[in-house]
Amino acid sequence: MDVKTIAPATKALRIRPLSPNIQIYRPQLTSVLSIANRMTGVVLSVGAIGLVIWLSAAAAGPEPYDIVQRVIGSWVGRLILFGCTFAFFLHLCGGIRHLVWDTVNGFDLWSIYISGWSVVAASVVLTIAAWAAGLSVSGWL
Amino acid sequence: MIIDSSDRVSRLNWLKRFPVPRNFNVAPESRIEPGRTWPAPAGASRTKAFDIYRYDPDSGSNPRLDRFHVDLDDCGPMVLDALIWIKNKVDSTLAFRRSCREGVCGSCSMTMDGTNWLACTRFISDMATPATIYPLANMRIIKDLVPDQTHVFAQYAAIKPWLRSRTPEPEKERLQSVEERSRIDGYYECILCFCCTSGCPSHWWNGDRFLGPAVLLQAWRWLTDSRDEAKQERLDDLEDPFRLYRCHTILNCTRTCPKGLNPGKAIAEIKKMIVEREG
């Protein structure tokens, strides 16, 4: 028998749908810290441009340096700098966590969660400590 | 907050999904449309709502999300029992895979309330209301909750998951010491349900070339087997920016494994073995 005659009437071939992934999968400490490590890396890369601008201004002379200092010293500038500080410490602590993993240590779930929350807590504490130290040295605190 | 075992269900009620649009990165044929609500069973005193992903390849239309009401007094305690109850009592066209109903076959793996697990070992009482059930994430769907696993099984075959030896076959079995045998503990128990691979964001974005946690755990299971004699060839095959090194130690795999295994650790062991081989 000719296969074509018993095959169902012409139906447009339809590609199978892909089941949802990021749209429905639950955020967990594991995935959230991973994406946070990526995002803080991007923030630090962009922040590095700011660092270059600041150093260039310092090299260019007192007037451009004064302008950049005033931008950084504004409350928006300080807010961005505060965010960069937090990004720096989160990326640093997360990096140390990854170094430990590279030695095949800390892989049981309890350690994964303890080290994860420790990274979050340490970044908050270090950020606040760095700002307290900075503000007290400059006499604002 | 602290999870010490993968069978712990998260009790957090905020941030149940990433703040991305529902159709973020979704191709037109995969967009989920509103489905129908099936009538609640008449005369039931305790019911629970289930939102279930439906896709009928013969209908020519997109996947949809149907709502069912399950009579809890007429149904077993597990999510698989609820699915069977729905198939028997409400809609016989609901398609899903199941076999052993006790967590050893790996057929009924699916995404329940946003995490991957086996329907037969997930309690209905641990599910949110309404409970949401999707097929295993990031797979091409054949029908309803039945994913096409051709690709992941092809990836499994690619690591040659069998004993490869050069030495002549012994008269009896190949012997191992107790210590040598214990090295594959925590790896040989894998049932290939692909909960981990389907929950791995790296596999979502690079699944065409990244082998994924389930297959890499199997790769380590053979690398660490004292009877296997193809260690160098296996490492040569794995040492690749995509096959192995797309693993960024996210560890969704270890969080979700229904057998409590540790694919993340297995992958770290492979990476370490490659570093040590370089000397």
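This is a predicted model: local features need pLDDT of at least 70, side-chain atom pairs count only at pLDDT 80 or more; totals for chains, interfaces and linings use all residues.
Tutor: Residues are numbered from 1 along each chain as its sequence is written, while chains are lettered from A and ligands numbered from 1 in the order in which they are written.

Student: What makes chain A more spread out than a compact globule?

Tutor: The radius of gyration is taken over C-alpha atoms, and the globule rule is 2.2 Å times the number of residues to the power 0.38. For 141 residues the rule gives 14 Å, whereas chain A has 25 Å, well over that value, so chain A is more spread out than a compact globule. Along the principal axes, its C-alpha atoms fill a box of roughly 90 × 40 × 25 Å.

Student: Which elements does chain A contain?

Tutor: Helices (H or I, at least four residues) and strands (E, at least two) are DSSP runs, numbered from the N terminus. By that criterion chain A has five helices and zero strands, in the order α-α-α-α-α from the N terminus on.

Student: Why is A:Ile22 called partly exposed?

Tutor: A residue is buried if 20 or more other C-beta atoms lie within 10 Å of its own, exposed if 12 or fewer, and partly exposed in between, with C-beta atoms placed from the backbone. A:Ile22 has 18 C-beta neighbours inside 10 Å, so it counts as partly exposed. A:Ile22 lies in the loop between helix H1 (3-6) and H2 of chain A. In chain A as a whole, 21% of the 141 residues count as buried.

Student: Which residues are in contact with A:Ile22, leaving aside its neighbours within four places in sequence?

Tutor: Two residues are in contact if their C-beta atoms, placed from the backbone, lie within 7 Å. On that basis A:Ile22 is in contact with B:Phe18, B:Val20, B:Phe24, B:Asn25 and B:Trp204.

Student: How many residues does each chain give to the contact between them?

Tutor: Chain A gives 28 residues and chain B gives 54. On the side of chain A that touches chain B, the elements with two or more residues are helix H2 (29-60), helix H4 (75-102) and helix H5 (109-137) of chain A. The largest share, five residues, comes from H5(A).

Student: How do you know that the buried residues of H2(B) are on the same side?

Tutor: The buried residues of helix H2 (residues 150-158) of chain B are B:Val152, B:Gln155 and B:Tyr156. They cover an arc of only 105° around the axis, which puts them on the same side of H2(B); the arc is that of the directions from the helix axis to the C-beta atoms. On the other side of H2(B), B:Thr150, B:Ala154 and B:Ala157 are exposed. H4 and H6 of chain B are included in what covers the buried residues of H2(B).

Student: What makes S4(B) and S5(B) a pair?

Tutor: Two strands pair if DSSP finds at least two bridges between them. S4(B) and S5(B) are joined by four bridges in the antiparallel sense, and therefore meet that definition. B:Leu118 in S5(B) is the bridge partner of B:Ser109. Both faces of S5(B) are covered, with B:Thr115 and B:Trp117 buried on one side and B:Asn116 and B:Leu118 buried on the other.

Student: What is the largest nonpolar core, and which of its members touch the most others?

Tutor: A nonpolar core is a set of buried Ala, Val, Leu, Ile, Met, Phe, Trp, Tyr and Cys residues joined through C-beta atoms within 7 Å. The largest has 76 residues, of which B:Ala82, B:Ala119, B:Ile133, B:Leu216 and B:Ala219 touch the most other members. Its largest share, eight residues, comes from helix H6 (residues 213-223) of chain B. B:Ala82 is also among the buried residues of helix H1 (residues 79-89) of chain B.
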